[in-house]
Amino acid sequence: MDAAERLPMTALSDQAPVALIGLTEDDIIRDTNQAAEQLFGLSRRQIMDHPLSELVVNVDGLAALTRHARQHSTDTAAPEVALKPKGLVDEFSATVRVRWFHSGELVLAISPSLARETPDPIVGVASFGRILGHEIKNPLAGISGAAQLLLRKAEPSQRELLSLICEEAGRIERLVNRLSAFELFSAPQRAEMNIHELLDRVIASEEAAFDGQLDFSRRYDPSLPDIHGDRDHLHEAFQNIVRNGVEAALANVATRRPRIEVLTAFEARFSRRSSGRSSRSGRALRVDVLDSGAGPPPANEKALFEAFNSSKSAGRGLGLTVVKEVITAHEGLVTLRTSEQGTRVSVFLPFGKGD
């Protein structure tokens with residue numbers, strides 16, 4: 001390997017407030033700092049030139065992150081990763097960030113949680129992800145398998161709904177696998193995609209779930225180009241938006257016929273505020289979801305995108321939080337406005353250079 005391409009491990013500072021560990025492309029520790037020595041209870045000599053698997057007993061969490069970074073050639077991070085160093089008695093949780101280099105080498109930045117207590121393995125995010133994956137994927141496989149068997153003998157009128165069941169089961173399985181691997185909605189895996197195809201799948205799913213209870217309509221701009229985005233993450237975001245609109249519209253059925261309208265448009269001058277300053281204007285794709293529901297009180301509109309805030313009596317307040325996280329990770333913006341006609345949720349997805 002050319003020396004100019006190698007990671008400058010000597011730049012790892014002993015003054016850094018977080019533990020830093022430099023890994024070769026084979027996950028051998030080739031440098032560290034004083035914060036790492038203190039965190040893991042081992043000297044630099046005991047750490048250097050050893051595999052990462054010899055540093056901690058439960059290496060699965062770290063290994064999943066390093067594997068993800070190399071497979072997708074990207075930086076990644078995860079909160080509340082459970083770590084049990086071989087040099088210490090107690091286990092603790094930490095936020096782990098991975099910086100990826102073209103050489104295949106990595107730098108891990110490990111920040112322990114403020115409460116250095118032994119975490120309950122059932123409560124830990126990593127354990128929760130594995131349990132969630134196991135408990136969902138088993139029945140999901142049964143649903144998918146049953147739908148595939150029925151599809152073989154189905155009549156033409158039944159094939160569309162059975163295919164939808166198979167596709168939705170596959171999408172949920174992919175999301176569960178990614179969440180189980182400590183992947184967050186803030187780390188999208190982008191690829192070229194058509195927004196109208198995605199929206200059609202979301203609407204088809206909701207039409208099947210609420211057959212005949214409300215009217216769906218589409219107004220698409222056919223001139224819009226494909227975008228680069230995470231298909232599964234964006235599907236989850238728009239599914240939440242449309243489902244919220246459906247529930248709001250059905251709750252207002254006494255006033256008017258429930259309806260959902262989805263439209264797309266080109267936004268010529270899009271800007272997103274960041275840290276109090278407006279970013280440079282650019283081009284964006286806009287998706288509007290309009291429902292005939294009464295909508296939340298205007299004072300609560302912004303709070304709806306925060307975790308555990310909901311205008312519904314039985315709501316958990318997580319749906320629009322997921323929406324905000326997904327759209328923010330795509331450098332976009334989501335807004336919500338209510339009027340006498342209903343509620344409009346607008347999503348802006350900026351075009352990249354290749355879009």
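I looked up the surface first: the chain exposes about 19200 Å², and 52% of that comes from carbon and sulfur atoms. I'm keeping in mind that this is a predicted model.

Next I checked burial. Of the chain's 355 residues, 42% count as buried, meaning under 20% relative accessible area.

Then contacts: among those with a separation of 6 or more, 61% are between residues 24 or more positions apart.

For secondary structure, I found eight helices and 14 strands in the chain.

Now the sheet. In what order do its five strands lie? I read β7-β9-β12-β14-β13, an open sheet with mixed pairing. The edges are β7 (215-219) and β13 (333-339); each has a single partner strand, so one side of each is left without a neighbour in the sheet.

I zoomed in on β9 (residues 259-270) and β12 (residues 282-291). They run antiparallel, and nine bridges join them.

Last, I asked which strands helix α6 touches. Helix α6 (residues 195-209) packs on the sheet and touches β7, β9, β12 and β14 (342-350). Its direction makes about 175° with that of β7. Helix α7 (residues 231-251) packs on the sheet too, touching β7, β9, β12 and β14. For helix α7 I noted the angle with β12, which is about 30°.

Terms used
Residues are numbered from 1 along each chain as its sequence is written. This is a predicted model: local features need pLDDT of at least 70, side-chain atom pairs count only at pLDDT 80 or more; totals for chains, interfaces and linings use all residues. Side-chain values use heavy atoms; hydrogens and water are left out. Two strands pair if DSSP finds at least two bridges between them. Helices (H or I, at least four residues) and strands (E, at least two) are DSSP runs, numbered from the N terminus. Contact means heavy atoms within 4.5 Å. Axes are lines fitted to C-alpha atoms, for helices over the stretch in contact, and angles run from 0 to 180 degrees between N-to-C directions. Buried means under 20% relative accessible area, exposed over 50%, partly exposed in between (1.4 Å probe, protein chains only). Accessible areas come from the Shrake-Rupley method with a 1.4 Å probe; for residues, only the protein chains shown count as cover.
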